[in-house]
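Trainee: I would like a close look at one part of this protein. Could you walk me through how a pair of its helices packs?

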Amino acid sequence: MDATTAGLLVLFVVSLVPLLPTEVTLLGMGIAAAQGGTSLALVIAVATAGCLASDQALYALGRFGGRAALDRLSRRKKIAAGIGWLDGRLQRHPRPVLVVARWLPSGGTVGALLAGSLRWPMAEFFTASAVGVTLWTSYVAFLGYAGGQIITEPGISMLLSLGVALVLGSVITYSVKRGAASGGSGWRSPRPGAEPRL
């Protein structure tokens, strides 16, 4: 197995397992693509496949006991803010909110669990998940690719791309926290049988 294949395999596994550092791994593979290590389209496809499969598993978990998992996740401050923001909005505007959730800390995990808990129709969830995952993986991979094009030293490219990603992520998280605080809605376990408006 060559280094490129091994890197893509690691990327797939990291994308598949919730709460592993998918963003950092994807940035690194984007940099590798910029420096001729692999194809950027292949990097995006592998990460998208892993995240999409993970979303479907989390959605299923949400339907069959997601409340307990969400209650545990809500003990973490960063994630609790994302849950509070997503909670009410998912029922009002499910598709666009699930797409935006990808940019929140653990937003993909939380969004999929919530969608399952709220009993979204599976086809509706799959479509929203596919759009969100594709946009997010493309964004992160292109960020790494741009860093690799600007600076050829891999370590410095990684720091530059990661720095930009952290700044953008912090801005989004801060906006969400403000929105959740002004809305005054914390995390509440979804009611059994609660149906989203699609």
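Mentor: Here is a look at one helix pair, then at a residue beside it in the discussion, then at confidence. Keep in mind that this is a predicted model.

Start with the geometry. Two packed helices are described by the angle between their axes and the distance between the axes. Take helix 3, residues 40-63, and helix 7, residues 107-117. Their axes come within 6 Å and cross at roughly 40 degrees.

Now the residues. Helix 3 brings Asp55, Leu58, Tyr59, Leu61, Gly62 and Arg63 to the contact. From helix 7 come Gly108, Thr109, Ala112, Leu113, Ala115, Gly116 and Ser117. By type, the residues of this contact are 6 nonpolar, 5 polar and 2 charged.

Asp55 turns up again elsewhere. Serine 129 sits in helix 8, residues 122-150. Leaving out residues up to four places away in sequence, serine 129 touches Asp55, along with Leu52, Gln56 and Leu98. Its relative accessible area is 2%, under the 20% cut-off, so serine 129 counts as buried.

How far does the predictor trust this? Helix 3 has the highest confidence in the protein, at a mean of 94, while helix 9, residues 154-183, has the lowest, at 62. Across the protein, pLDDT averages 78, and 72% of the residues score at least 70. Read residues 184-198 with that in mind: pLDDT stays under 50 there, and the model has 37 contacts for them beyond four places in sequence.

Methods:
Residues are numbered from 1 along each chain as its sequence is written. This is a predicted model: local features need pLDDT of at least 70, side-chain atom pairs count only at pLDDT 80 or more; totals for chains, interfaces and linings use all residues. Side-chain values use heavy atoms; hydrogens and water are left out. Axes are lines fitted to C-alpha atoms, for helices over the stretch in contact, and angles run from 0 to 180 degrees between N-to-C directions. Helices (H or I, at least four residues) and strands (E, at least two) are DSSP runs, numbered from the N terminus. Contact means heavy atoms within 4.5 Å. Ala, Val, Leu, Ile, Met, Phe, Trp, Tyr, Cys and Pro count as nonpolar, Asp, Glu, Lys and Arg as charged, and the others, Gly among them, as polar. pLDDT is the predictor's confidence in each residue, from 0 to 100. Buried means under 20% relative accessible area, exposed over 50%, partly exposed in between (1.4 Å probe, protein chains only).
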